[in-house]
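Here is a friendly note to read alongside the model. Take the points in order, and keep the viewer open as you go.

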Amino acid sequence: MQRVGGGTVALALMAPVAIVSGYAVVTNFPQVSQIAPLHMVLPPDNTVVACPGPVRTLSQEVTAAGNQVAYDPQFAPIDNASKLSTAFLTVSANSNILSGTDQRNTTFAATSKPQILAQSLAGETGSSLRNLQPVANTTDSGIGLGGLSVEDSQQPVSITSQATVLGSPAMTAFQTTVTTTGDLRSAALATCSLPQLETYLVGGRTDIGSSSRLVLTNTSTRAASVSFDVWDQQGAVPLGTLASVTVPAGSQRAILLEGASRTAGSLGVRVNSNVPVNAAIQTNTMSGLVPMGLEMINPATAPDVKQSIPAVSVGASAEGAANSRVDIMVPGGTPGAVTVTALGLNGVTKTYENMPVTGATVTQIQLTDLPQGEYTLSITGDVPFTAAARSTRAGTKNADLLGTVTAPEDIAWSPASAPLIGPAVVPLPDVGGTWQVDVGTVSQATSVTVIAIDNSGNVGVPVRINLAANSTAPIGVQALAASGIAQPMGMVVVPDLPGTVVAGTVLSVQAPDGELIASAPLRGEQYTQIATDLRVNTR
């Protein structure tokens, strides 16, 4: 059997041969006839994403074997000040809204209703593998909008949207933890991501008062042998026996990077596995007893000489502006330079030209004098790199239990993201804050079509939003007023020209002592069926 071009598989019976002086010589050519091609449709895959579980405060109980961690129950994220959510939005491949079309008066067969499954994983908290009951409103128009209970959201989970013969469904799921007081004071947003054989993560720190926890989730039925590399501002970090771990099937492992890394203000991680796994980093910092930010760091795109970072939200306070930066990870050993261009509402706002970066390190570039606003960072370099941007929000200064007057902070990490080559679906769960989607153009002027969805799965009138070249458009609830949906619980963003925009979501929550912030990238893909021609040659 031999695979030939164009997705065609050919079968042929070999002619008799004779061996002459080590060479194969054909002695008789058979009569060959070709039958009509057999058209075989390979069934599309289900869309399966994994959520890493809520953020947690680590106890001092860390075992040496595998660097597994336990938690102090009094710091569990489920308390009166925390709000947990695992929310998803899935749209069937045959739904018109994936092309930005108004489908309010379209009739669908009942078989178009999405089929959604959820399963808990064997996590660090001792939870067992079991099926969950997602709460979802599904419609004949192919929309499934819902989530998991607070109890089920306390653990790592996988969520499956089943495919149809028409293709794999679009799905995005978020796991959010909003805590307005205490050590976990933050808005943390994790994208429930597709498993990957290789994942890059940029962000976090391991200096005094900080913790960064690499979370590895294996939703497959096979054990995963996972290796990882770590870089910081000094170079590659020697990991020794911590350089590889085994993640059993249907389970999760966590590695404390401060146990593997030097004291570092910036980190970059590359994760490789023999089976696809999900990887994320929980990072948090304390200044004495004052929380200075916590976030789930989502995967960044693979190293390249050009990257785009959406949803970089610079705050109004002097502290927020001063602490905004972009971390550049260069895994190769060759030094180089990058140019960072901040694209705002009205176009190019500021450019940081020819900033030097060192090979095999993570380099911090401060975004000094960048005004308050929403930005997309367009970054070009002469060596392959990946990156993530850090935004902050400063709270009100208060004296802690020790009498120290310090303003708490919250942070958001926005990773480098791929342009949308298809529609992006976005759940907007009620977590006590305000959601916004930032769409940035990576080159030319273009437009996107946005369709709002309410809690029952009803869709609104498509809203077209024009985007200037090299700019960022924040799309909030107000921008969707023309859709006729008063309280959107989800939206679909459809680019007019695939590959011309990047997008990310920003969550803002008002705490008693200031604003909390979180962000996550959005992915947009094309959802089509897969077909293969099978041609059989016979004598």
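**Notes on the model**

1. C51 and C192 form a disulfide, with their sulfur atoms 2.0 Å apart; the term is used for a pair of cysteine sulfur atoms within 2.5 Å. A disulfide is a covalent bond between the sulfur atoms of two cysteines. A search of the whole structure finds one disulfide. The torsion about the S-S bond of C51 and C192 is about 110°, so this disulfide is right-handed. The pair links distant parts of the chain, 141 residues apart: C51 belongs to strand β7 (residues 47–51) and C192 to strand β17 (residues 186–192). Strands (E, at least two residues) are DSSP runs, numbered from the N terminus.

2. Before going further, a word on what you are looking at. This is a predicted model, in which local features need pLDDT of at least 70, side-chain atom pairs count only at pLDDT 80 or more, and totals for chains, interfaces and linings use all residues. Residues are numbered from 1 along each chain as its sequence is written, and side-chain values use heavy atoms, with hydrogens and water left out.

3. Are C51 and C192 buried or exposed? Both C51 and C192 are buried. Buried means under 20% relative accessible area, exposed means over 50%, and partly exposed lies in between (1.4 Å probe, protein chains only).

4. Strand β7 also takes part in a sheet. Four strands form an open sheet in the order β7-β15-β11-β12, with antiparallel pairing; two strands pair if DSSP finds at least two bridges between them. The edge strands are β7 and β12 (130–132), and each pairs on one side only. From one strand to the next, the twist averages 25°, with axes taken as lines fitted to C-alpha atoms and angles running from 0 to 180 degrees between N-to-C directions. Five bridges join β7 to strand β15 (residues 157–161), and V49 stands opposite I159 in β15.

5. Now look for the aromatic rings. A search of the whole structure finds one aromatic pair. The ring centres of F174 and W435 are 5.9 Å apart and the planes are at 10°, so the pair is stacked. Rings of Phe, Tyr and Trp (its six-membered ring) pair if their centres lie within 6.5 Å; planes under 30 degrees apart count as stacked, over 60 as edge-to-face and the rest as tilted. The pair links distant parts of the chain, with F174 in strand β16 (residues 170–179) and W435 in strand β36 (residues 434–441), 261 residues apart. F174 is buried, with a relative accessible area of 1%, and W435 counts as buried at 7%.

6. β36 and β39 pair over four bridges, and D438 stands opposite P474 in β39.

7. Which residues touch the most other members of the largest nonpolar core? Of its 33 residues, they are V439, V448, V450, M491 and L507. Such a core is a set of buried Ala, Val, Leu, Ile, Met, Phe, Trp, Tyr and Cys residues joined through side-chain atoms within 4.5 Å. Strand β41 (residues 501–511) gives the most to this core, with five residues. Apart from it lies another core, of 31 residues, among them L201, L214, A264 and A360. In soluble globular proteins, nonpolar side chains tend to be buried together.

8. Strand β23 (residues 251–256) deserves a look, as six of its six residues are buried. Both faces are covered: S251, R253 and I255 lie on one side, with Q252, A254 and L256 on the other. Strand β19 (residues 210–218) runs antiparallel to β23 and is joined to it by six bridges. R213 stands opposite L256 in β23.

9. Finally, find L98 in the loop between β10 (82–91) and β11 (116–120). L98 counts as buried, at 11% relative accessibility. L98 and I451 are 353 residues apart in sequence and 9.3 Å apart in space, C-alpha to C-alpha.
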